[in-house]
Amino acid sequence: MGTSRRNLSVAFIAGLALSASACTQFAANAPSVPQTTVFPVSDVGGLIQGLYELIFWMALVVFVGVEGFFVYAILRFRRRAGDNTIPAQIHGNTRLEIAWTIIPSVVLLIIAVPTIATIFRQDAVPSAGASGEPPMKILVTGRQWFWEFRYPDLRGAPLAVNEVHVPVNRTVVFELRSADVVHSFWIPRLGGKMDVIPTRVNHLWFTPLETGEFFGQCVEFCGIQHANMRVRLYVDTAAEFQNWAARQAADAASPASPQAQQGAVIFQRGACPACHTIKGTSAGGTIGPDLTHVGSRSTLAAGMLQNTYENLTHWIADPQGIKPGSKMRYPNDLPPSPGEAALMAAYLQSLK
Ligand code: HEC
Ligand SMILES: [Cu+2]
């Protein structure tokens, strides 16, 4: 009895220490847990975190209270050695029953009022942003299995794929559409999570409050490559954003190196233009992502690969090997030769 009780308390204390250290680790390492909601970097993210904290602290009070009574009852009313009497059998206690109906109702009310208020606030797309200027509109299209972003109000209507840029402290409104099945758009540290539904336009908005690179992904099962439908949000300074947007709005650069020039010829001659657009060339396909500035992205295939020359070559030679089921298929499943793939990779890398 003595040792088993001692073992139990040692285990309990060890458990406490472990969870405390896990908590401090977590708190110190926000960037190493990039898809967390508890380190919000936007106004809407902050609202959601506020709710979470309210519920967390209330739950803690309830937990400590209930467990406290529980432990007290176990110790105080436990059966003593040699005591074989049956305890008093009690049925019903009106005061107690009223109390344990009213207290949870009050608890639920305290949770419900701010929760509903937050839902309405989040649902109302603002007509003026944090700084007074109108929010920036971004049209988002979810597709199997990548994201497209258009900026209809900016000069040249720039377009981005899988890596969306926004300026810090400017409210953005995402208009979410699907080109095929149901997806869901979520960048946890910025807050919100919104289904992307065919035939419907949904809205999601927030004001990013910190610069940086933030991760997100599709969060509604949308087919075999659902897990590889990632998105990156870059919150830039206003000047960086202007630069980026101006570059994305421009036509593709003409290939400079001899390899890139050869690659461009092979690209135009092959199956690629049927699915891909490169602005400033005759390639105008819309099944796959726009490649006008593919060289400026940090990743390929919705976050699966770093955008390096080797990975790009590999992707062009074997998209189905890397992302099985991807909508990038070659006629008769005949890929370009490794040499052709490498030349096209040189060309595409030059499209910054
Ligand atoms: C049948 C349509 C189709 C054809 C033909 C096609 N692609 Fe694609 N391509 C796609 C689709 C769809 C994707 C998106 C794949 C994904 O991430 O799920 C894609 C993705 C890419 C990407 C990655 C872009 C990014 O930002 O992630 C590159 C690069 C690319 N294709 C190059 C080529 C080249 C070069 C050719 C010709 C040799 C080609 N594609 C032919 C449909 C096609
Ligand atoms: Cu999806």
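What follows is a chat about a predicted model, covering its sheet, a hairpin, a ligand shell, a helix and some backbone details.

Me: Start with the open sheet. In what order do the five strands run?
Reply: The order is S3-S2-S1-S5-S8, and the pairing in this open sheet is mixed.

Me: Which strands stand at the edges?
Reply: Strand S3 (159-161) and strand S8 (202-206) do. Each has a single partner strand, so one side of each is left without a neighbour in the sheet.

Me: And by how many degrees are neighbouring strands turned against each other?
Reply: On average by 25°, with direction ignored.

Me: Take S1 and S5. Parallel or antiparallel?
Reply: Parallel: strand S1 (residues 136-143) and strand S5 (residues 172-178) pair over seven bridges. Within that pair, Leu139 of the one strand stands opposite Glu175 in S5.

Me: Now S6. How many of its residues are buried?
Reply: Five of the five residues in strand S6 (residues 183-187) are buried, and the strand is mostly covered.

Me: Which residues point which way from S6?
Reply: His183, Phe185 and Ile187 point one way, while Ser184 and Trp186 point the other way. Residues on both sides are buried.

Me: What does S6 pair with?
Reply: Strand S7 (residues 191-196), in the antiparallel sense, through four bridges. The two form a hairpin with three residues between them. In this pairing His183 stands opposite Val196 in S7.

Me: Switching to ligand 1. How many residues surround it, and which are the closest?
Reply: There are 33 residues around ligand 1, and the closest are Cys272, Cys275, Gly288, Lys327 and Met328.

Me: Which elements give two or more residues to that shell?
Reply: Helix H6 (272-275), helix H7 (309-317) and helix H9 (338-349).

Me: How does the shell divide by residue type?
Reply: Into 23 nonpolar, six polar and four charged residues.

Me: And which domains does the shell draw on?
Reply: At least three residues come from each of domain 1 (29-75 + 94-250) and domain 2 (258-349).

Me: Next, helix H3. What is its reach from end to end?
Reply: Helix H3 (residues 94-123) reaches 43 Å from its first C-alpha to its last. That is close to the 44 Å expected for its 30 residues at 1.5 Å a residue.

Me: Is H3 in the open or covered?
Reply: Of the 30 residues of H3, zero are buried, so the helix lies largely in the open.

Me: Backbone checks now. Where is the cis peptide bond?
Reply: Between Gln144 and Trp145, with omega at about -5°. Trp145 is in the loop between S1 and strand S2 (146-150).

Me: What about phi at Thr199?
Reply: Phi of Thr199 is positive, about 70°, although this residue is not a glycine. Thr199 sits in the loop between S7 and S8.

Me: Why is Thr199 called exposed?
Reply: Because 6 other C-beta atoms lie within 10 Å of Thr199, and the cut-off for exposed is 12 or fewer.

Me: And what is phi at Ala301?
Reply: Near 55°, again a positive value in a residue other than glycine. Ala301 has its place in the loop between strand S11 (299-300) and strand S12 (305-306).

Me: Is Ala301 buried or exposed?
Reply: Ala301 is buried, because 23 other C-beta atoms lie within 10 Å, where the cut-off for buried is 20 or more.

Conventions: Residues numbered from 1 in each chain as written. Chains lettered and ligands numbered in written order. Predicted model: local features only at pLDDT ≥ 70, side-chain atom pairs only at ≥ 80, totals over all residues. Pairing = 2+ DSSP bridges. Axes fitted to C-alpha atoms, helices over the stretch in contact; angles between N-to-C directions. Near = placed C-beta within 6 Å. Nonpolar A, V, L, I, M, F, W, Y, C, P; charged D, E, K, R; others polar. Domains from an automatic or database assignment. Expected span 1.5 Å × (residues − 1).
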